[in-house]
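This briefing covers a ligand site and a sheet with its helices. Please have the sequence and the 3D view open while reading.

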Amino acid sequence: MADAPMTLSEHLATQQASLSTEHARNVAALVGRIGRVAGVIAQELAHAALRDRLGYVGGSNASGDQVKKLDVWGHETLESALRETRACAALVSEESTEPIEMETGGTHALVVCADPVDGSSNLDVNGAVGTIFSLRSSKGKTPAAPQALGPGTDQIAAGYVMYGPATTLVYTVGQGTHGFTLAHETGEFLLTYPDIRIPRRGKTYGINEGNIHSWHPGQRPFVAHLKTPDKAAGRPYSLRYSGAMVADVHRTLLDGGLFMYPADWSDPKKPKAKLRLLYEVAPMALIMEQAGGRASTGLERVLDVVATDYHQRAAVILGSPEDVATADEFYRR
Ligand code: FBP
């Protein structure tokens, strides 16, 4: 009889070697707790229409986006769960303009940067959504949140949860990228995608083509290149875009190809990106690189971008290493 798949907490115990003892304990406590919150969020999403949880609350968040009821509920649910662990020194969340400092149980508590409910435009149409998280050291400092500002290479761990037909959790602590599936009957995440390796080249690309007129001069010819038939090179690629970063990145991670959200270059002196660096772009870049992929802004490696603001935005082109390298070539032309 085949061995029972490893649980998330068992797997976290195997990932400790690259972490200091105290960090290891706090990473395990936080990723484990985020896993349990994900089970609660999955339940709530499944019943949202029955519990009057769809629609807007009114008002906007730190990034000026209209806020959905589930965005706020997801944020509050995550915040209280993280606080209970006493392993979280501060929470930087898409749904809170200012970081939230927390009481901790020691000097090695971590700063959590999170997008509690990613893909909000899919919520009211029963589309796939997700949760994205990144853990950074508080360096024992108070306030702790400013310690989260810095390059993406400072991340100690990163992950996401995808709420689709199945609920999937993917994470890395710098020892490869691993995926788990929620067993709803036990509430446990079980290892179903050990050590994910992204294909070197893909067959699909994801981008909002509605923004084509504001793209960087290298982006448009690159997408035209992907659409140009070339049997030997496996082109044309097919367009796959769900409107939720987590769902588009998850497909790209397993099947290869690209997910792209380039900046708006209408004013080349001030390119404007959409996705947020600390709790969307940088965590996905770490997950991608740990699976053998790449993540670029078109101009530089995402993990080298230094965050100087909690809700800073960044362009992203991530996925199969050879496809991202080709995109960078088009940006350099
Ligand atoms: P939030 O929903 O958390 O604000 O995330 C932003 C996001 O929804 C991403 O998940 C997605 O990739 C992108 O925006 C979609 O943007 P657009 O509607 O402009 O294509």
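**Ligand site**

Of the 18 residues around the ligand, those that come nearest are D118, S120, Y241, M245 and Y261; a residue is near a molecule or strand if one of its heavy atoms lies within 4 Å of it. The model is predicted: local features need pLDDT of at least 70, side-chain atom pairs count only at pLDDT 80 or more, and totals for chains, interfaces and linings use all residues. Residues are numbered from 1 along each chain as its sequence is written, and side-chain values use heavy atoms, with hydrogens and water left out.

**Polar contacts and burial**

- D118 places a polar side-chain atom 2.7 Å from an oxygen atom of the ligand (a polar contact is a pair of N or O atoms within 3.5 Å).
- A polar backbone atom of G119 is 2.9 Å from a ligand oxygen atom, and one of M245 is 2.8 Å from a ligand oxygen atom.
- The protein buries 86% of the 470 Å² that the ligand exposes when taken alone (accessible areas by the Shrake-Rupley method, 1.4 Å probe).

**Sheet**

- Five strands (DSSP E runs of at least two residues) form an open, mixed sheet in the order β12-β11-β13-β15-β14; strands pair if DSSP finds at least two bridges between them.
- The edge strands, β12 (238-239) and β14 (294-296), each pair on one side only.
- Strands β11 (residues 204-206) and β12 run parallel and are joined by two bridges, with T204 opposite S238 in β12.

**Helices**

- Helix α4 (residues 219-227) lies across β11, β13 (258-261) and β15 (316-319), at about 155 degrees to β13.
- Helix α5 (residues 245-255) lies across β11, β13 and β15, at about 150 degrees to β13.
- Helices are DSSP H or I runs of at least four residues; contact means heavy atoms within 4.5 Å; axes are lines fitted to C-alpha atoms, for helices over the stretch in contact, with angles from 0 to 180 degrees between N-to-C directions.

Notes. A polar contact is a pair of N or O atoms within 3.5 Å; within protein, one must be able to donate a hydrogen and the other to accept it, and residues adjacent in sequence count only if both atoms are side-chain atoms.
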